[in-house]
Amino acid sequence: MSWRALSLVALLSTLFASPEVFSQATTTYQDKNLNIKPLEAQQPDLTGLWYHINQKQIALANDEYARLKEAYPNWQVSQEVLDAIEGLNEPDRPKKIVNTDKAPKSKPETVEFKPESEVTKPNPAAPLEAFAALTPKARASTSNEKVKRLVALSNSLNRPDFYLLMGWTALDKNLLEIAKTQFENAQKVATLDVQKQSILQGLNSIKGIYVERALVNMDLTLLTRYLNQDIQGYVMSIIEGNAWKNYDNKEYDKALSLFTLLNNNEGQYATLIAQNNADDAFKLACAISTETFLRRCADALAERQVRFFEESEYSKSIDAAKQLSEIRPLTLDEQELVGWAAKENQDIATATSAFEVVLSKKPDNEVIANELVVLNKNDNTALARLALKFSVIKSRLQRESNQNAWPRKQFWFAYSNDNERVVNAQTKDAFTVLYGTNVRNRSGQRGLGHFDVFSHYVGIGAAYKKWLWQVILDYKQFYSGSPNEGDWFGDRQLANLAQMPFEGISGFEDTGVRAEVSYQDSKFNVYANLEYGMFSQPVDTKVTGQLSATRFFSDTIVALTLFRKAKDDSLLSQTGTFNAQHNLPWGYVIENGARALVAHVFAPKWSVAGTAQLSSLKGERVKDNGMWSLGAYLNYDLAESDSSYLDYWRVGPFASYSTYDHNLSGFTYGNGGYFSPRYFVSIGGYSELLTLEAMNWQVKLRTELALSRLEQQDELRFPLGEFFAFEDDASTLLDYDRTTGLSGNIMAEGQYRIDDNWILSGYVGKAFAVEFQSFEAGLQIRWRGGPGTGVTSDELILSSPRRTGFAL
């Protein structure tokens with residue numbers, strides 16, 4: 001066989017060949033549905049097969065063909081090989097006609113081999129040609145020394161076919177450096193594509209062996225160097241295949257190291273999940289912006305949101321939801337979970353925003369509506385906005401307001417809020433006309449402590465938006481009678497009244513005007529009044545009034561009132577009077593101050609309350625004074641919740657204490673004629689009951705009984721020091737008094753609806769204390785447009801904030 005024939009055989013064989021070692025280096029793995037495709041199966045070395053075919057060595061060719069088929073089950077046999085084997089075994093069969101223009105370039109050419117006898121010149125390539133004629137097994141068993149000699153010959157001839165022959169042989173014998181040198185030499189001189197392909201396959205096979213060795217040792221430094229030198233991606237494919245093999249064998253640490261080396265995100269993520277390393281898998285997923293990994297990141301964030309919430313890590317749960325919302329819109333369940341977490345975290349703004357989103361999609365969700373109301377219970381602006389936006393919240397607020405308004409006696413607010421019971425009971429915003437009369441009597445010496453007041457009044461009222469208003473004209477008659485002979489009055493002690501009758505004022509009548517407004521809301525009440533009267537009293541008339549506000553909390557009520565009013569203990573203190581000569585007025589004491597109330601329900605039917613007042617008193621030619629008082633009350637409601645008669649029946653103990661800076665109870669200049677002891681202490685019990693609301697009639701009863709002690713100090717009879725000092729020092733002082741005794745009062749009031757428009761109401765009461773008694777009664781009739789079937793306690797005469805002192 002000539003060297004040209006051998007060269008042609010080697011050349012043609014490389015078109016279809018891949019060395020066996022290359023195939024051995026190919027890695028396989030199972031498909032993980034991660035878009036990673038395995039390498040295609042490689043083709044076997046056909047050098048020996050083509051040699052036997054061209055030498056007409058039928059048996060050897062068939063044996064080699066069968067061996068290759070068995071060794072490479074995935075080998076795609078080319079048509080040229082099939083035709084050659086068929087022509088060798090059936091030489092008489094007609095050959096197929098092949099269009100040479102369309103025949104593949106790799107088709108073996110027909111080569112005539114001259115007998116050795118015809119070769120006249122020495123053939124330097126003869127050893128290599130003879131070596132090529134051997135079977136692959138024979139070549140593989142050749143000694144290393146002979147191979148090295150043939151390699152030296154190949155180097156001297158500098159032919160690509162011989163380089164390839166010895167390169168593949170050295171590779172089979174694991175002489176890797178020699179094989180690499182031969183392939184690199186061939187690379188320098190090869191011109192045909194088939195040769196270049198074979199060279200590349202050979203070099204890749206060598207790389208594969210080195211890579212496999214580094215993989216066995218997990219030498220990541222060496223593998224990194226191989227990757228940096230990898231142009232065709234062959235090294236990467238080997239490492240990747242090995243990584244998936246480790247993954248399948250559950251050698252996750254090795255697999256993760258290799259996937260990390262390759263920057264294979266899919267492999268890293270799959271391995272971290274297999275290791276149950278959710279945190280690192282989450283970090284990886286959220287660091288990659290592909291659609292698949294963003295979806296995984298979102299799934300992980302959703303899981304973390306739930307997990308952190310269950311672990312009471314509410315801030316982390318909210319943060320996870322915020323990150324999730326940057327990837328995709330939150331589901332309703334996720335939005336709701338944000339709301340619950342923010343609520344637990346006391347983040348009202350975040351919770352409100354999240355629950356609003358949920359409620360906008362589920363407008364009938366009572367649970368979410370309730371949470372929004374509870375979260376914003378102290379923000380009326382937010383509640384109003386939510387009520388306008390969601391009908392379920394509006395209904396919820398109305399129900400809650402009505403439920404709260406009823407026990408608070410906020411019937412005007414309940415009416416404005418369409419509470420059915422109040423609306424059916426009476427029309428509260430219609431025009432109202434009223435007439436009333438009352439009488440008050442305070443016992444005491446005629447002309448001094450004795451005091452009678454008889455009043456008539458007419459008024460009108462209605463509603464403006466959410467405000468109730470009322471204007472009243474008063475006509476009053478005051479009477480105290482003339483002082484007795486020997487009484488200290490004005491600037492002297494009265495004497496010889498029979499010869500010189502008393503000319504000072506003992507009673508008069510006058511008119512006045514007053515107006516009031518009130519407003520009620522779910523959380524508070526506001527009340528204000530102004531009064532100007534009487535117009536022609538002895539001392540110049542002053543404007544008086546009151547401003548009161550009450551704040552309702554869930555279990556607590558706080559009320560505060562600022563007031564300016566006349567001290568109504570006597571004619572001297574309430575309107576002023578003239579001296580005995582009727583030429584010098586004094587008195588008309590105005591009390592300016594503030595009072596406060598705090599009541600708290602600490603158990604079912606049990607409550608406790610405290611009151612406080614601080615005020616200053618000033619009058620015309622009256623010494624300035626100051627006072628303060630405290631009160632404490634405990635009560636229990638005896639009325640059953642299902643009682644058919646009583647709204648409440650409160651009983652309990654109480655204690656009160658009051659003190660004035662000065663005793664100014666006298667009727668001489670500098671005194672105001674009002675009860676002003678150094679101290680007044682009462683300890684006792686009380687009872688108050690009210691029949692049901694919204695009935696056609698209603699009754700309220702209140703009683704008190706206490707043990708009281710007082711002390712009235714012996715202040716100067718003329719505390720301003722305007723008058724002479726008497727020779728008898730005792731006459732310059734008021735009488736000292738310290739007394740202990742029982743005190744109490746009883747008050748009954750009621751009202752009755754005559755028909756749709758007319759309501760009659762009245763009250764009567766009696767009080768007594770140490771050295772003191774009083775009686776009062778009143779009657780009122782009201783006309784109001786609109787239908788009505790019942791009455792409510794806010795319109796009892798004595799329930800007016802003007803009388804109670806608080807906007808309750």
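Threonine 561 is found in strand S9, which spans residues 556-566. In this predicted model, threonine 561 has a relative accessible area of 0% and is therefore buried. Its side chain takes part in two contacts described here.

## The chain as a whole

The protein chain contains 27 helices and 19 strands. It has 808 residues, and 48% of them count as buried. The accessible surface comes to about 40,900 Å², and carbon and sulfur atoms account for 54% of that surface.

Contacts between residues at least 6 apart in sequence can be sorted by separation. Among these contacts in the protein chain, 62% join residues at least 24 apart.

## Helix H14 and its cover

Which residues of helix H14 are buried? Helix H14 covers residues 252-262, and its buried residues are Tyr252, Ala255, Leu256, Leu258, Phe259 and Leu262. They span an arc of only 165° around the axis, so they lie on the same side of H14. In an α-helix there are 3.6 residues a turn, so residues three or four places apart point the same way.

The buried residues of H14 are covered by elements that include helix H11 (193-217), helix H12 (220-228), helix H13 (234-248) and helix H15 (265-274). Two of the buried residues of H14, Tyr252 and Phe259, also belong to an aromatic cluster, together with Trp244 and Tyr247. After H14 comes asparagine 263, whose phi is positive, near 55°.

## Aromatic pairs

The count of aromatic pairs comes to 26. One of them is formed by tryptophan 412 and tyrosine 415, a stacked pair with 6.2 Å centre to centre and 20° between the planes. Both residues lie in helix H24 (residues 411-416), where tryptophan 412 and tyrosine 415 are three residues apart, about one turn of the helix. Are these two residues buried or exposed? Both tryptophan 412 and tyrosine 415 are buried.

Tryptophan 628 and tyrosine 657 form an aromatic pair that is tilted, at 5.5 Å centre to centre and with 45° between the planes. Tryptophan 628 lies in strand S13 (residues 622-637) and tyrosine 657 in strand S14 (residues 646-660), so this pair ties together parts that are 29 residues apart in sequence. Tryptophan 628 has 38% relative accessibility and counts as partly exposed. Tyrosine 657 is partly exposed as well, with a relative accessible area of 31%.

## Arginines over rings

Two arginines are placed over aromatic rings. Arginine 421 lies over the face of tryptophan 406, at 3.6 Å from the ring centre. The charged end of arginine 650 sits over the ring of tyrosine 648, at 3.7 Å from the centre of that ring.

## Backbone details in loops

The peptide bond from glycine 533 to methionine 534 is cis, with omega near 5°. Methionine 534 is found in the loop between strand S7 (524-533) and strand S8 (543-552).

Where are the residues other than glycine that have a positive phi, asparagine 174 and arginine 621? Asparagine 174, with phi near 65°, is found in the loop between helix H9 (160-172) and helix H10 (176-189). At 45% relative accessibility, asparagine 174 counts as partly exposed. Arginine 621, with phi near 55°, is found in the loop between strand S12 (606-620) and S13. Its relative accessibility is 30%, so arginine 621 counts as partly exposed.

Key:
Residues are numbered from 1 along each chain as its sequence is written. This is a predicted model: local features need pLDDT of at least 70, side-chain atom pairs count only at pLDDT 80 or more; totals for chains, interfaces and linings use all residues. Side-chain values use heavy atoms; hydrogens and water are left out. Rings of Phe, Tyr and Trp (its six-membered ring) pair if their centres lie within 6.5 Å; planes under 30 degrees apart count as stacked, over 60 as edge-to-face and the rest as tilted. Helices (H or I, at least four residues) and strands (E, at least two) are DSSP runs, numbered from the N terminus. Buried means under 20% relative accessible area, exposed over 50%, partly exposed in between (1.4 Å probe, protein chains only). A charge sits over a ring if NZ of Lys or CZ of Arg is within 6 Å of the ring centre and within 35 degrees of the ring normal. Contact means heavy atoms within 4.5 Å. Accessible areas come from the Shrake-Rupley method with a 1.4 Å probe; for residues, only the protein chains shown count as cover. The arc is that of the directions from the helix axis to the C-beta atoms.
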